[in-house]
Amino acid sequence: MLVSGAAGAVGSVVGQIAKIKGCKVIGIAGGKDKCDYLLNELGFDAAIDYKNESLRKEIKRNCPDGIDVYFDNVGGQTLDHALANLRINARIVICGAISQYNSQQVEGPKNYLSLLVNRASMKGMVIFDYEPQYEQARAQMSKWIKDGKLKTKEDVYEGIDNFYEVFLKLFSGDKLGKLILKIIK
Ligand SMILES: NC(=O)c1ccc[n+]([C@@H]2O[C@H](COP(=O)([O-])OP(=O)(O)OC[C@H]3O[C@@H](n4cnc5c(N)ncnc54)[C@H](OP(=O)(O)O)[C@@H]3O)[C@@H](O)[C@H]2O)c1
């Protein structure tokens, strides 16, 4: 299982749940510190530093038999590299495409024919569709956190006046875990 944005709020939880469910998990994140966090604190099997390593080479090296599941938070070229390394019947979950949110022209996947060749599927996922299961998820995740199986990190800032600077951290990656801006009266 490959996940991008792996050190972020969504990606870090996705990767850890996949580990709990018995998958081999490879995370993609920006920078050595985030990759060390994935390996040493979250128990990922491998981490790819997309800012300093070749995604093409590292995905191939870490997934020699191809990718079964790719959970995409990033889109753009990362999605294309994943598409180029699919296994037969692979599944891609499109959760987000943060590399494209500020683009004038969104970069679509060039390697989409890999879906055909590998009988693979790519599907969008929006959290609000799962509202009836929120309670069940909350209970399960609380238990995993209590049992030490699921780790969470929050990067908390204060004050609405800091909204602009804090919001931009989502794009620069200058944060670890869930980015929170506390509104104080
Ligand atoms: N479908 C849904 O229901 C749903 C719900 C919530 C969020 N989302 C989406 O899920 C994704 C993750 O959200 P999150 O709240 O967990 O944010 P996050 O991962 O905590 O923060 C965003 C991270 O994206 C990475 N990033 C930013 N620009 C990038 C680029 N150009 N290329 C590659 N990576 C880049 C940065 O990490 P690095 O330092 O590793 O670069 C940054 O820390 C977003 O795309 C968001 O829109 C979807």
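Predicted model: local features only at pLDDT ≥ 70, side-chain atom pairs only at ≥ 80, totals over all residues.
Residues are numbered from 1 along each chain as its sequence is written.

The chain has seven helices and eight strands, which are DSSP runs numbered from the N terminus (helices H or I, at least four residues; strands E, at least two). Its radius of gyration is 17 Å, close to the 16 Å that the globule rule gives for 185 residues, so the chain is as compact as a globular protein of that length. That radius is taken over C-alpha atoms, and the rule is 2.2 Å times the number of residues to the power 0.38.

Now, the inside. Buried residues (20 or more other C-beta atoms within 10 Å of their own, with C-beta atoms placed from the backbone) make up 29% of the 185 residues.

On to Valine 3. Leaving out residues up to four places away in sequence, Valine 3 touches Gly11, Val14, Gly15, Val25, Gly27 and Phe71; contact here means C-beta atoms, placed from the backbone, within 7 Å.

And the ligand? Around it sit 24 residues, of which Gly8, Ala9, Gly30, Gly96 and Gly173 come nearest; the cut-off is a C-beta atom, placed from the backbone, within 6 Å. Helix 1 gives the largest share of this shell, three residues, while helix 7 (163-172) supplies at least two.

Notes. Buried ≥ 20, exposed ≤ 12 C-beta atoms within 10 Å, placed from the backbone. Contact = placed C-beta atoms within 7 Å.
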